[in-house]
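Subject: Handover of a protein structure

Dear colleague,

Please find below the sequence and the structure that I am handing over to you. My findings follow directly after them.

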Amino acid sequence: MFTILYWLFCFSFAFDFRGEEGGSAVQYVFLGLSLFSGLMMIGTSPSALRGRPTFVMSALWWFYLGTTVIVALQAHIVPSQYARCVLPPLLCGISLLVGQCLVTRRYSAESIVRPLLYAGIVSVVWRFVHAIIISHIPIDKVRY
C-alpha cells in the first residue's frame, strides 16, 4: 500500500500544466491526490518523523514555513495569494517527510528513484502534448 501511495504521490506532480488564472478542476484534483497520498504515507509512518538524520532538515523547513505565516499576517497579505505562494514550499516539506518515511522503511535507492524517473518522463511528454495538441501553442513557445 505504501508503494502505491508513493507512486501516486510522484505521478500527481507529473501532470502539472499551466492552467487558467486561479487553477482548474484538474489541477485541484492532482493537488488533492498529492496531498492525500503524502499525508497518508506520513500518517502510516509516525515513527519516521522522529530521530532520523533528516529530522533536523525537516524541522528547519517547517519552522521556515511557520515564520512565513507570521510574516504574511504582519504584512496583511491576502490569504488566497499567500496560499498560492506557499504551496510549492509546502509540497517540498511534505516531500521531505515522505523521504524520511521511505528511508525509515528501508526502501532502496532504486525503488525511490524509479517512480521519480518515470514521473519525469511522463511530465515531459505530457507538457508537450498539452501545449501542442490541447492548448495549440506554437512549438517555439512551448517552453515559456
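What percentage of the 144 residues in the protein is made up of buried residues? Buried residues account for 27% of them. Please keep in mind while reading that this is a predicted model, and that the values below were computed from it.

**Overall architecture**

The secondary structure consists of 5 helices and 0 strands, and along the sequence the pattern reads α-α-α-α-α. Taken along the principal axes, the box filled by the C-alpha atoms is roughly 50 × 45 × 25 Å. The protein has an accessible surface of about 9500 Å², and carbon and sulfur atoms hold 72% of that surface.

**Charges and the salt bridge**

There are 10 positive and 5 negative side chains in the protein, and 14 Å lies between the centres of the two sets. Side chains of opposite charge can pair when their charged atoms come close. A search of the whole structure returned 1 salt bridge. In a salt bridge, the side chain of Glu-110 meets that of Arg-114, with 2.4 Å from N to O. Both Glu-110 and Arg-114 belong to helix α5, where they are 4 residues apart, or about one turn of the helix. Glu-110 counts as exposed because its relative accessibility is 53% and the cut-off for that class is over 50%. Arg-114, with a relative accessible area of 34%, is partly exposed.

**A nonpolar patch on the surface**

Which residues form a nonpolar patch on the surface? They are Val-113, Leu-117, Tyr-118, Ile-121 and Val-125, and together they have about 460 Å² of accessible area. One of them, Leu-117, is located in helix α5, which covers residues 109–134.

**Trp-7 in helix α1**

Trp-7 has its place in helix α1, residues 2–14. Its relative accessibility is 29%, so Trp-7 counts as partly exposed. Leaving aside residues up to four places away in sequence, Trp-7 touches Arg-114, Pro-115 and Tyr-118. Trp-7 and Leu-116 are 109 residues apart in sequence, while their C-alpha atoms are 8.3 Å apart in space.

Is Ser-34 buried or exposed? Ser-34 is buried, because its relative accessible area is 1% and the class requires a value under 20%. Ser-34 is part of helix α2, residues 25–43. Not counting residues up to four places away in sequence, Ser-34 is in touch with Phe-9, Ser-12, Phe-13 and Leu-91.

**Leu-60 in helix α3**

Helix α3 runs over residues 55–74 and contains Leu-60. With 56% relative accessibility, Leu-60 counts as exposed. Between the C-alpha atoms of Leu-60 and Ile-139 there are 42 Å, and the two residues are 79 apart along the chain.

**Residues in the loops**

His-76 is found in the loop between α3 and α4, the latter being residues 79–104. Although His-76 is not a glycine, it has a positive phi of about 55 degrees. His-76 is also exposed, with a relative accessible area of 70%.

Arg-106 lies in the loop between α4 and α5. Arg-106 likewise is not a glycine, yet its phi is positive, at about 60 degrees. The relative accessible area of Arg-106 is 71%, which means that this residue is exposed.

Ser-108 is placed in the loop between α4 and α5. A relative accessible area of 39% makes Ser-108 partly exposed. Ser-108 and Arg-50 are 58 residues apart along the chain, and 20 Å separates their C-alpha atoms.

With kind regards

How values were computed: Residues numbered from 1 in each chain as written. Predicted model: local features only at pLDDT ≥ 70, side-chain atom pairs only at ≥ 80, totals over all residues. Heavy atoms only, no water. Patch = residues over 30% accessible without salt bridge, like charges linked within 9 Å, V, L, I, M, F, W, Y side chains within 5 Å. Areas by Shrake-Rupley, 256 points an atom, 1.4 Å probe, with all protein chains shown as cover. Salt bridge = Lys/Arg side-chain N within 4 Å of Asp/Glu carboxyl O. Helix = DSSP H or I, 4+ residues; strand = E, 2+ residues; numbered from the N terminus. Buried < 20%, exposed > 50% of the residue type's maximum accessible area, 1.4 Å probe, protein only. Lys, Arg positive; Asp, Glu negative; His and termini not counted. Charge placed at Lys NZ, Arg CZ, Asp CG, Glu CD. Contact = heavy atoms within 4.5 Å.
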